[in-house]
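Me: I would like to understand the words used for the inside of a protein. Could we go through them together?

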Amino acid sequence: MELLRLYDFLPSGNGYKIRLLLTQLGIPFERVELNILKGETRTPEFLSKNPNGKIPVLEIKPGKFLAESNAILMYLSECTEFLPYDRFLRAQVLQWLCFEQYSHEPFIATLRFWISILDKTEEYSEAINQKRELGYAALNLMEKHLSSHTFFVGERYTIADIDLFAYTHVADEGGFDLTQFPAIQAWIKKVKAQPRYISITQA
């Protein structure tokens with residue numbers, strides 16, 4: 001099997017999803033750090049790998065690239081314990097992946113990026129206030145679900161959990177108060193207790 005190569009930016013929750021799954025699967029990979037703040041994903045060389053100019057990108061074999069974190073999660077988890085075989089449960093996993101991309105990441109991840117990575121709290125204050133409300137709406141939905149479920153799908157740890165965990169567990173870096181979400185806090189502890197867990201700061 002070819003050695004996988006992950007084009008990544010260490011602070012990125014989207015890149016972290018892939019690092020965490022690869023590590024928990026026990027799959028060796030080479031990580032290539034690209035600083036998005038310095039335009040390193042906008043070079044002709046990188047754009048030939050992903051014309052959208054974003055990380056993460058997984059190089060499966062020389063010249064064969066896969067972009068979009070959730071697509072990569074689906075690819076890597078196929079035929080593993082991280083993706084249910086049951087048709088309905090698989091669809092539920094996809095449902096949560098779509099929720100993360102449309103109702104969660106645009107608010108929780110964006111605020112973390114503006115506040116903790118770009119340090120633009122004052123400059124983006126109006127937009128931050130608007131997005132914070134929608135971010136809390138996503139957290140409230142998650143809290144309600146986790147109040148009666150151990151994990152997001154099928155009462156077992158899947159890529160749905162990895163996907164939502166990536167930005168939720170660092171939501172405080174975007175100004176979100178997680179202390180008001182006991183079910184989410186309990187779930188975060190369960191994720192961190194999984195075998196081969198790594199933190200978002202581990203390369």
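Me: Which residues touch the most other members of the largest nonpolar core?

Reply: They are L76, L139, M142, F152, I159, I184 and W187, out of 52 residues in that core. This is a predicted model, where local features need pLDDT of at least 70, side-chain atom pairs count only at pLDDT 80 or more, and totals for chains, interfaces and linings use all residues. Residues are numbered from 1 along each chain as its sequence is written, and side-chain values use heavy atoms, leaving out hydrogens and water.

Me: What does I159 touch?

Reply: Leaving aside residues up to four places away in sequence, I159 touches L21, L73, M74, S77, F82, L83, V93 and L97. Contact means heavy atoms within 4.5 Å.

Me: What makes N14 a lining residue of the largest pocket?

Reply: A lining residue has an atom within 4 Å of a pocket point; a pocket is an open set of points on a 1 Å grid, where a 1.4 Å probe fits, with protein on both sides within 12 Å along at least five of seven lines. N14 is one of the 25 lining residues, and with K54, I55, E105 and Y167 it lies nearest the centre.

Me: Which element gives the largest share of that lining?

Reply: α4 does, with 7 residues.

Notes: Helix = DSSP H or I, 4+ residues; strand = E, 2+ residues; numbered from the N terminus. Core = buried A, V, L, I, M, F, W, Y, C linked by side-chain atoms within 4.5 Å. Buried < 20%, exposed > 50% of the residue type's maximum accessible area, 1.4 Å probe, protein only.
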